[in-house]
Amino acid sequence: MHYSRLFVAIAAMSALALAASASVAQCNPTCQGDFNSDQQVTVDEILVAVNNAMGNCGGSAEQRGCLASGGSVSTTLCCSSAPDFPDMCEIGACGCAPMFSRNVPTCDCGLGRCFSRAQLACVP
């Protein structure tokens, strides 16, 4: 049963990847494959989309807040103890040596803004 859901999700992402080069995906912002609207679907975006298809497409509150406030979902090497979507307005969550780090989903808010976990949004 899990294999059939995974196959459907992979097939859908493949179709989206082909369509993304021609135009921006016309989907709900929390469920689209091209999360940063650069007209390319990257492996990390496919993984997020597959996870959405396997579970709740709305994503986590942090992911929804990131996208709703103009951020884009990416991955960053952060401390092993850092949660998904760490507070990027504070120093330290992503400052560990590589041997004590792991890739975690983060919110890229662009120049002059950071993701506040308390506000679930990109802030100045």
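How many disulfides does a search of the whole structure find? The search of this predicted model returns five disulfides.

The link between C79 and C96 has an S to S distance of 2.0 Å. The torsion about its S-S bond is about 95 degrees, so this disulfide is right-handed. C79 sits in strand β1 and C96 in the loop between β1 and β2, so the bond ties together parts that are 17 residues apart in sequence. C79 is buried, at 7% relative accessibility. C96 is partly exposed, at 35%.

A disulfide also joins C89 to C114, with an S to S distance of 1.9 Å. This link is right-handed, with 100 degrees about the S-S bond. C89 belongs to the loop between β1 and β2, whereas C114 belongs to strand β3, so the pair connects parts 25 residues apart in sequence. C89 counts as partly exposed because its relative accessibility is 34%. C114 has 16% relative accessibility and counts as buried, the cut-off for burial being under 20%.

The bond between C109 and C122 spans 2.1 Å from S to S. Its S-S torsion is about -75 degrees, so the disulfide is left-handed. C109 lies in the loop between β2 and β3 and C122 in strand β4, so the pair ties together parts that are 13 residues apart in sequence. Both C109 and C122 are buried.

Side chains of opposite charge can pair when their charged atoms come close. The structure holds two salt bridges. One forms between the side chains of E62 and R117, at 3.4 Å from N to O. This pair links distant parts of the chain: E62 is in helix α3, R117 is in the loop between β3 and β4, and 55 residues separate them. E62 is buried, with 18% relative accessibility. R117 is partly exposed, with 29%.

The side chains of D84 and R102 also meet in a salt bridge, at 3.8 Å from N to O. D84 comes from the loop between β1 and β2, and R102 from strand β2, 18 residues apart. Here both partners are partly exposed: D84 has a relative accessible area of 39%, and R102 has a relative accessibility of 32%.

Helix α3 covers residues 61–68. Its buried residues are E62, Q63, G65, C66 and L67. Among them, E62 also takes part in the salt bridge with R117. After α3 comes G70, with a positive phi near 95 degrees.

Positive phi also occurs away from glycine. Most residues other than glycine have a negative phi. F85 is not a glycine, yet its phi is positive, about 55 degrees. F85 lies in the loop between β1 (72–79) and β2 (101–108). F85 is buried, with a relative accessible area of 4%.

L120 likewise has a positive phi, about 50 degrees, although it is not a glycine. L120 lies in the loop between β3 (114–116) and β4 (121–123). R117, the partner of E62, is in that loop as well. Buried or partly exposed, which describes L120? L120 is partly exposed, with a relative accessible area of 31%. F85, by contrast, is buried.

Technical notes
Residues are numbered from 1 along each chain as its sequence is written. This is a predicted model: local features need pLDDT of at least 70, side-chain atom pairs count only at pLDDT 80 or more; totals for chains, interfaces and linings use all residues. Side-chain values use heavy atoms; hydrogens and water are left out. Helices (H or I, at least four residues) and strands (E, at least two) are DSSP runs, numbered from the N terminus. Buried means under 20% relative accessible area, exposed over 50%, partly exposed in between (1.4 Å probe, protein chains only). A disulfide is a pair of cysteine sulfur atoms within 2.5 Å. A salt bridge is a side-chain nitrogen of Lys or Arg within 4 Å of a carboxyl oxygen of Asp or Glu.
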